[in-house]
Amino acid sequence: MRRTWWIYLIGVLGLVAVAAPFLWMVLGSFKTQGELLRVPPTWWPEQPTTGNYEELFSKANFPRYFLNSTLVALAVTAGNLIFCSMIGYALAKLRFKGRNALFVVVMATLMIPGMVTFVPLFVLVTNAGLANSYPGLILPFLVSPFGVFLMRQFFLGLPDDLIDAGRVDGTSELGIFARIMLPLTRPALATLGILTFLGSWNNFLWPLVIAQTEDKYTLPVALALYSTGQNAQNYGLLMAGAVVVVVPVLVMFLAFQRHVTKGIAITGLK
Amino acid sequence: MSQKTAPDEALRASSGGRKGGRSASVAGGAAAGGRRRLDRQTVAAWVLALPFVVLFLGFTAGPVLGSLGMSFTDIRQRDLRTPFSVNGVGVDNYVKALSDETFRKAAFNTAYFVVIGVPLTLVVALAAAVLLDRGIKRFQALFKVGYYLPVVTSIVAIAVIWRFVLSPDNGLLNTVLGWVGIEGPNWLASKTWAMPSLIAMAVWRNFGSAMIIFLAGLQGIPESVEEAGQIDGAGAWQRFRYLILPLLRPTVLFTSVTTGIGYLQFFEEPFVMTQGGPLDSTISVSMATYDQFGFGNYGLATSMAYILFVVIAVITFIQFRLLREK
């Protein structure tokens, strides 16, 4: 397909419309409180200041929160990639009794509004003695029906011929999954990894109730607690905090987005 | 896919051959091979499903049953420490929810939001994905990250900017409309325009997630498919409509179902922009549920959430039927 200038024009116009609030957030983190509240909003900071960041980092134990967030997000992401692709493959490509029932159950939990299970889950985790612990922060999110559904849909798109070929060659069923099929879902794994990491990194309500001492806070919890009270309306601090929270996610997205990419064109159809 | 039978037969022949002693005839060998393969598949399937099932039973199924139980009781916040003081009330909570004026208004608003918002989001996301996959080759990563930015931007920053865009007097939108002689309304304070404003905001904010899933799907389709279409003389639109879109079907099903489920739980936009107003014109079912949780009416709140769940289940079922997989 020929690349024409108007395609890029559409692309750039879209980019401006879509990215503006993010840029405003970054620029806003260098503004004073007074300038941030001005109507209409200013674009460039008039007197750029790093005060918001200084306040943020002087306030508390930020490396610790960073470490906690990273640890939890990595564990949750690893769990989802491994477990969701496993069951996703079984649901898409293996014939076994109970497959449809299992899939219906997965879909049903995807539909249950999150806040419904919140109270019973809290009671359960607290009674299991997992409150204020890393397992308490991680275990409830190690698998997600969203991830199972995503991986199943991608496995569905892969041709069965590859599996049959593996069977002819005498590869075990688990070997076919791990060595033939799983590598072909790299775009899906990258997508699931990005979305899961982002979801866990931004998760707020659960860590807020489970992390009770400061050494278990994650970034969103710490930010929320430091921007309430007398800081409730401190938008500069909020913007700086939002930037600090989002930068690692963007770095990760930049690093992995190329895996959501061409060249892994599904073999077997070629 | 019609080639599928060839390796199948090869497999049966080979496994029948290896264990030739067990089957008297070719037909018998095929049947035995078929059954044995099924058993191996069952074992493998449950090995693969086991970690999910264990975690699922502990951290999802348990709480789900717990909350379902709660919806048939008069449990309030203070009862959490002494769960045995709670009384069963049958379906009272469900009756109360369904006859509640605010809840009905919320149900209407949620339906409005979903019916307009989901197709819009998917069309924008798919258009962006096709633009990036087939149109834009240089700086592709920049565009991809750029379009994804709203997904990662703090809702606080999003709210501030959108309030400026939608502000009646010197807001961006009304200023632009003023240039062409249109006097724009006070978007968020108008009973008519508040919901469309929130829909626009939600589409803008969420299309990036669906876009990267479409991208992953599009990039799983080999270029040879399109080249074949080109040789047969199909135009760009025809190739998209009759070659790409059918191959994307599992991806379309996925994004429409997850976007639908997400939008049916519509919460953050009205929460930060309108608090459900003006006059409940943007209150959603999730917001109504959240309010009841806030009042400590756990029983009523969970019953509202389960009504929403039933609706989501029915709609998802319809989506599966419409985009039937095979």
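Are Glu269(B) and Arg205(B) buried or exposed? I looked, and both Glu269(B) and Arg205(B) are buried (buried is under 20% relative accessible area, exposed over 50%, partly exposed in between, with a 1.4 Å probe and protein chains only).

**Ground rules.** I'm working on a predicted model, where local features need pLDDT of at least 70, side-chain atom pairs count only at pLDDT 80 or more, and totals for chains, interfaces and linings use all residues. Residues are numbered from 1 along each chain as its sequence is written, chains are lettered from A and ligands numbered from 1 in the order in which they are written, and side-chain values use heavy atoms, with hydrogens and water left out.

**Arg205(B) and its partners.** I found Glu269(B) in a salt bridge with Arg205(B), the closest N and O atoms being 3.2 Å apart (a salt bridge is a side-chain nitrogen of Lys or Arg within 4 Å of a carboxyl oxygen of Asp or Glu). This pair links distant parts of the chain, with Glu269(B) in helix 12 and Arg205(B) in helix 8 of chain B, 64 residues apart (helices, H or I of at least four residues, and strands, E of at least two, are DSSP runs numbered from the N terminus). Glu268(B) also forms a salt bridge with Arg205(B), at 2.7 Å, N to O. Those two are 63 residues apart, again helix 12 to helix 8 of chain B. Glu268(B) counts as partly exposed because its relative accessibility is 35%, while Arg205(B) sits at 14% and so counts as buried.

**Salt bridge in chain A.** I checked Arg167(A) and Glu173(A), whose side chains meet in a salt bridge at 2.7 Å, N to O. Arg167(A) is buried because its relative accessibility is 7%, and Glu173(A) is buried at 6%.

**Chain B overall.** I count 14 helices and zero strands in chain B. Buried residues make up 50% of its 326 residues. Its accessible surface comes to about 15700 Å², 65% of it belonging to carbon and sulfur atoms (Shrake-Rupley method, 1.4 Å probe; for residues, only the protein chains shown count as cover).

**Interface.** How many salt bridges are there between chain A and chain B? I get zero. The two chains bury about 8600 Å² between them, 78% of it on carbon and sulfur atoms (buried area is the accessible area, 1.4 Å probe, that two parts lose on being put together, summed over both). Helix 1 of chain A gives the most to the side of chain A that touches chain B, with 14 residues. The contact takes 91 residues from chain A and 90 from chain B (contact means heavy atoms within 4.5 Å).

**A loop in chain B.** I then went to Leu279(B), in the loop between helix 12 (268-273) and helix 13 (285-294) of chain B. Its phi is near 50 degrees, a positive value in a residue other than glycine. Most residues other than glycine have a negative phi. Leu279(B) counts as exposed because its relative accessible area is 69%. Lys191(B) touches Pro278(B), Leu279(B) and Ser281(B), leaving out residues up to four places away in sequence. Lys191(B) itself lies in the loop between helix 7 (172-179) and helix 8 (194-218) of chain B, and at 53% relative accessibility Lys191(B) counts as exposed.
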